There are 2 protein chains.
Amino acid sequence: MDENCIFCKIISGEIPSELIYKDDVCVAFNDISPQAPTHILVIPREHFASLNEAKDGHKEILGHLMLKTAAIAEEKGIADQGYRVVINTNENGGQTVFHLHIHLLGGRQFIFPPG
Amino acid sequence: MDENCIFCKIISGEIPSELIYKDDVCVAFNDISPQAPTHILVIPREHFASLNEAKDGHKEILGHLMLKTAAIAEEKGIADQGYRVVINTNENGGQTVFHLHIHLLGGRQFIFPPG
């Protein structure tokens, strides 16, 4: 845990969130500034800042995050119509919280380019 | 291999591409309709249509794809400034080719919402 990380504080419960899912590896909760009818963040319990910090040892965590993101889309009823998954890294990517997080967005049509 | 899949034909070499990276699990190549100075697609050799079709057995493949996407960002010199990773699923997501693929976009600022 990084004591200065808002997402670590959400994981610990120090900061409240609208929890969607949790297990031993990850936590999912509603984005506080939703950009679509469904906008959920899926994050690893292990703190690492971004994909740039992902190492070989994170492969299983990353695979788990992707599978759970897809499972949550199914659970939320957005899988068939479709959804967009986005991971932002650093400034050009538009990353604002430096704890790796997957945006799961659904419930409306998404255009291309993606931002 | 799905005989009607354009990405399977890129993997096999039947359709040419600007190859960026390949290994036993995945292939990466330039998007033919780039939406940013760097726009690379990273795809698994195994054909499955989308994240909706990803099963528990795909966890290692998905983790591998994410790690290699990050490694390619580093190799292409876009990691520090940042990049956006996007996976589209079905119609609302804007998916156009039904072989799972990760968009790696960099070299410019990306806005939010992501499409």
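**A guided tour of a two-chain model**

Begin by selecting B:Cys8, which is buried, with a relative accessible area of 2% (buried means under 20% relative accessible area, exposed over 50% and partly exposed in between, with a 1.4 Å probe and protein chains only). The structure on the screen is a predicted model, in which local features need pLDDT of at least 70 and side-chain atom pairs count only at pLDDT 80 or more, while totals for chains, interfaces and linings use all residues. Residues are numbered from 1 along each chain as its sequence is written, chains are lettered from A and ligands numbered from 1 in the order in which they are written, and side-chain values use heavy atoms, with hydrogens and water left out.

**The cysteines**

A disulfide is a covalent bond between the sulfur atoms of two cysteines; here the rule is a pair of cysteine sulfur atoms within 2.5 Å. By this rule, the count over all chains is zero disulfides. In chain A, A:Cys8 is likewise in no disulfide, and its nearest cysteine sulfur, that of A:Cys5, lies 3.8 Å away. A:Cys8 counts as buried, at 2% relative accessibility.

**A strand residue in chain B**

Next, select B:Val27, in strand β2 (residues 26-30) of chain B; helices (H or I, at least four residues) and strands (E, at least two) are DSSP runs, numbered from the N terminus. Is B:Val27 buried or exposed? At 3% relative accessibility, B:Val27 counts as buried. Leaving aside residues up to four places away in sequence, B:Val27 touches several residues, among them B:Ile11, B:Leu19, B:Tyr21 and B:Leu41, where contact means heavy atoms within 4.5 Å.

**Where the helices cross**

Select helix α2 (residues 59-75) in chain A and in chain B; their axes come within 7 Å and cross at roughly 110 degrees. Axes are lines fitted to C-alpha atoms, for helices over the stretch in contact, and angles run from 0 to 180 degrees between N-to-C directions. The two helices are therefore roughly perpendicular (65 to 115 degrees; under 35 is roughly parallel, over 145 roughly antiparallel, and the rest oblique). Residues in this contact include A:Leu62 and A:Met66 of α2(A) and B:Leu62 and B:Met66 of α2(B).

**The whole pair**

Finally, display both chains. Of the interface residues of chain B, 100% are also interface residues in chain A, so the copies meet through the same surface.
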